[in-house]
Amino acid sequence: MSGATPPAAQSATEFDAHDQLRHLRDEFHIPKPPNSQGLQITGSDLQQQAIYLCGNSLGLQPKGTRALLWEELDVWADRGVYGHHLHPNSRPWIEIDECVSEEMAKIVGAYRSEIAVMGTLTSNLHFLMAAFYRPTDLRYKIIVEDKAFPSDYYAIESQVLWHGLDSSDAIISISPRPGQYTLDTDDILKVIEEHGSSVAMVLLPGVQYYTGQLFEMEKITKYAKKHDIIVGWDLAHAVGNVELSLHDWQVDFAVWCSYKYLNSGPGGIAGIFVHESRSDQGRLTGWWGHDRASRFKMENNFVAIPGAGGFQHSNPSVLATVCLLGSLKVFAQTTMKVIREKSIHLTGYLEELLLADEETAKFYEIITPKNPSERGAQLSLLFKDGIMDTVFRKLELAGIIADKRDPDVIRIAPAPLYNSYEDVFKFSQKLREAVLEASGAVKP
Ligand SMILES: *Cc1c(COP(=O)(O)O)cnc(C)c1O
């Protein structure tokens with residue numbers, strides 16, 4: 001680009017200037033441009049910092065995280081086992097989850113006693129299904145979405161088989177209408193109505209990982225509960241992305257990972273929600289779910305911690321927990337309401353820029369819902385004519401970090417905590433160049 005600044009760039013500068021969350025970008029390390037293929041990034045104005053639009057896959061590292069990790073390594077080095085009780089930074093390992101539980105509960109809209117920070121997402125899904133999926137002869141079906149994340153599907157299918165049931169009978173998967181990519185809430189409600197008293201559980205994603213669709217969690221939950229169905233949500237792509245009120249919505253249980261929008265680092269510690277009304281649910285147990293006061297008496301009579309804490313099994317990874325803390329300290333500087341407001345505007349701006357460029361927009365379709373209340377911080381671009389791989393490669397060379405899902409989709413996630421309007425504007429320019437070259441409209 002040369003000459004006068006285009007109007008859209010001007011508005012990026014203005015939007016950034018008025019962005020209430022702008023200062024939070026400085027709390028994160030912005031990665032160097034992608035060279036995953038060992039390619040030299042030349043001729044790019046992004047040689048120092050990438051444009052990172054992949055927070056839906058792995059959130060960025062908060063700058064404060066490293067110091068927290070070192071503190072724990074120092075305590076371990078200097079104090080050994082005493083670190084469990086005598087901790088110079090007031091984080092005795094015996095109750096390490098205390099340092100994250102309050103903020104975590106706020107983010108998902110729960111009482112502190114309704115959440116626990118533990119394990120990993122798929123394992124937690126198995127554990128909570130073991131607790132909540134109790135098929136009987138009459139009520140044994142699970143309603144899922146047809147394009148569920150494979151790990152979720154494997155968990156669900158294997159639970160069904162574990163109970164000796166036939167998965168083709170017990171799993172009801174809902175598909176989009178012909179020609180559509182996302183699910184209509186009405187269709188979901190209709191399936192619930194249709195199968196009614198034979199359904200044991202509805203298990204859906206809060207935000208769909210592929211299309212970015214935000215489900216109407218409250219409506220679906222309340223509708224299913226009227227039919228006495230247990231409702232669980234996988235919030236992997238929803239937590240830290242959209243506003244949640246799990247308690248008020250009367251969700252029975254939920255699970256999430258923390259390395260996507262919650263920035264806790266690869267393989268970070270996950271979270272669970274169990275509604276207070278479900279605190280007595282039978283479950284698979286471990287010593288960390290046992291009453292804290294008598295846990296170390298080592299007697300074999302299980303007394304559950306009231307609430308989600310009673311669903312814990314093991315003493316949690318301290319290193320993983322303080323990595324989560326590093327990020328939650330950033331979240332604590334604002335609210336999910338403010339984050340979501342920026343997110344809606346930022347993703348809307350991205351969509352506007354993309355649609356305005358008619359010359360390139362005809363080479364792909366945005367399969368994420370248009371309505372901001374039906375999506376989070378993500379647009380999924382479905383490319384035509386097999387050009388996705390080439391476009392993706394060109395974006396990488398131009399310093400963009402995004403995410404592709406074969407065969408044809410690139411997912412772009414402007415994360416409101418650290419992405420700027422300028423990021424989004426520059427991305428739109430790089431996408432234009434990449435699409436024109438990949439489609440042969442312009443010789444590279
Ligand atoms: C990211 C993601 C996972 C990953 O599961 P892990 O157990 O954390 O490896 C599972 N399900 C969904 C829907 C996801 O988005």
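The lining of the largest cavity divides into 6 nonpolar, 2 polar and 1 charged residue, where Ala, Val, Leu, Ile, Met, Phe, Trp, Tyr, Cys and Pro count as nonpolar, Asp, Glu, Lys and Arg as charged, and the others, Gly among them, as polar. The model is predicted: local features need pLDDT of at least 70, side-chain atom pairs count only at pLDDT 80 or more, and totals for chains, interfaces and linings use all residues. Residues are numbered from 1 along each chain as its sequence is written, and side-chain values use heavy atoms, with hydrogens and water left out.

The lining residues are G240, K260, Y261, N263, F331, A415, P416, L417 and Y418. A cavity here is a set of points, on a 1 Å grid over the protein atoms alone, where a 1.4 Å probe fits but cannot get out; lining residues have an atom within 4 Å of a point. Domain 1 (9–56 + 335–438) and domain 2 (69–331) each supply at least three residues of this lining, with bounds from an automatic or database domain assignment. The space in the largest cavity is about 50 Å³, and the whole structure holds 2 cavities of 30 Å³ or more. Volume is the space filled by probe spheres set on the points, which are joined across faces, edges and corners.

K260 also belongs to the residues around the ligand, together with L121, T122, F149, D152, D234, A236, H237 and Y259; each has a heavy atom within 4 Å of the ligand. By class, this shell has 4 nonpolar, 2 polar and 3 charged residues. A polar side-chain atom of K260 lies 2.5 Å from an oxygen atom of the ligand.

Conventions: 1 Å grid on protein atoms, 1.4 Å probe; cavity = no way out; pocket = protein on both sides within 12 Å on 5 of 7 lines; lining within 4 Å. Polar contact = N/O pair within 3.5 Å; in protein donor to acceptor, adjacent residues only side chain to side chain.
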